[in-house]
Amino acid sequence: MKTIYLDNNATTQVAPEVLEAMMPYYCDLYGNPSSAHKFGGQVAGRIQAARQSVASLLGAMPEEIIFTSCGSESDNTAILSALNTERGKGHIVTSRVEHPAIRSLCNHLTRKGVRITEIQVDREGNLDMDQYKESLTSDTAIVSFMWANNETGVIFPIEEAAAMAKEKGILFHTDAVQAVGKIPINLKAQQIDMLSLSGHKLHAPKGVGVLYVKKGTKFSPFLIGGHQENGRRGGTENTASIVGLGKAAELAARHMDEENSRVKGLRDKLEKEIIKVIPNSRVNGNPVKRLPNTTNISFEFVEGEAILLMMDEFGICASSGSACTSGSLQPSHVLRAMGVPFTMSHGSIRFSLSIYNNEEEIDFVIEKVPSIIEKLRAISPFWKPAAQSCQ
Ligand code: PLP
């Protein structure tokens with residue numbers, strides 16, 4: 001059975017070009033980039049080239065790029081750094097729909113006396129900018145908003161939010177794990193102090209990420225060890241994966257147009273056809289300010305996990321809620337924050353596409369999903385076709 005992989009916000013296929021670029025760094029060029037000999041030195045040169053590629057994708061400078069192990073590490077580093085450098089400040093502003101890499105850390109920090117303000121979102125998942133403006137105080141150490149939501153794809157007005165923080169002299173971090181490679185980002189003219197990204201969301205391997213730190217921003221390392229990454233992140237570099245991430249960054253820059261046109265076209269066709277054919281279904285999130293690859297669709301009176309299992313029988317991979325929360329039967333915190341009714345949020349599925357998807361796959365999904373929903377509704381005690389009301 002062919003796998004139809006529509007779960008690219010959970011993780012992506014390593015691009016063949018990325019794997020090819022990485023291979024020499026396991027058995028041939030395996031030197032330690034910190035070694036004094038030429039054998040290691042040549043690896044250090046390749047890490048610098050990868051740093052340049054990532055910087056180019058972000059419109060940043062190479063010295064602003066710190067390689068980490070993942071998006072979660074980058075997120076944790078940014079927040080904890082701010083609490084260290086902004087001495088005496090004990091307040092963080094974030095949103096109600098952040099990934100657990102930020103949310104769980106903030107929860108943990110409340111137990112240490114840090115005050116957290118979570119900004120609300122509206123029914124479309126848009127940030128409440130008035131509440132945000134009012135939340136900024138002289139005690140605020142850092143603001144952290146995701147650039148794009150992993151469950152709905154909704155894009156926050158990050159440039160505007162960063163400018164508002166800067167006006168008050170407050171550090172601004174963005175978790176851009178889902179945005180990088182899917183929408184153009186140019187940090188040069190922006191007031192963003194720190195940005196997180198993760199390799200495995202853009203066709204690089206798992207286990208590598210980046211924290212961008214704007215030149216001149218005060219910074220305190222999270223992993224303390226050797227002098228790697230200019231003393232900003234200890235630990236021998238994951239050389240093969242860093243080289244792979246550099247290649248993935250080059251490919252992402254090249255594929256940005258395709259992501260925004262062909263992939264978006266496939267996503268639009270998928271959601272339009274599904275919504276047209278299946279009663280009591282709806283798309284969650286701002287229909288316009290959204291990542292081109294993501295759609296989050298709710299099917300009323302069905303259980304998301306059951307839909308996933310039945311799609312799995314046909315080789316269709318998607319997700320209900322984020323991958324990190326699946327396994328729990330609680331509706332997603334993102335959809336709850338948006339006020340999506342319980343009967344809808346329980347049956348929500350996230351389809352997230354990539355440049356490796358094609359029209360034939362989308363047509364197959366459009367053909368299979370309606371009969372899956374019909375079968376599940378036939379055995380649902382709550383589904384009464386005569387009372388279809390909640391569009
Ligand atoms: N932030 C967002 C928005 C994410 O979607 C994810 C992963 O799903 C992360 C952070 C965590 O990234 P990583 O898996 O590299 O730790």
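Predicted model: local features only at pLDDT ≥ 70, side-chain atom pairs only at ≥ 80, totals over all residues.
I noted that the size of an interface is often given as the accessible area lost when the parts come together.

Met 256, Leu 291 and His 333 give 23% of the area that domain 1 buries against domain 2, more than any other three residues.

I then wrote down the domain bounds. Domain 1 is made of 4–10 and 256–378, while domain 2 runs over 16–251. Their C-alpha centres are 28 Å apart. To the contact, domain 1 brings 31 residues and domain 2 brings 32 residues.

I checked the same interface for salt bridges and found 0 between domain 1 and domain 2.

For the protein I recorded a count of 17 salt bridges. One that I looked up joins the side chains of Glu 86 and Lys 218, at 3.8 Å from N to O. Glu 86 sits in the loop between H4 and strand S3 (91–95), and Lys 218 sits in the loop between strand S8 (209–213) and helix H8 (228–231), so the pair ties together parts that are 132 residues apart in sequence.

On H4 the contact uses Ser 72, Asp 75, Asn 76, Ile 79, Leu 80 and Leu 83; on H5 it uses Ala 101, Ile 102, Leu 105 and Leu 109. Sorted by class, the contact of H4 with H5 has 7 nonpolar, 2 polar and 1 charged residues.

Definitions and conventions
Residues numbered from 1 in each chain as written. Heavy atoms only, no water. Contact = heavy atoms within 4.5 Å. Helix = DSSP H or I, 4+ residues; strand = E, 2+ residues; numbered from the N terminus. Nonpolar A, V, L, I, M, F, W, Y, C, P; charged D, E, K, R; others polar. Domains from an automatic or database assignment. Buried area = accessible area lost by both parts, 1.4 Å probe. Salt bridge = Lys/Arg side-chain N within 4 Å of Asp/Glu carboxyl O.
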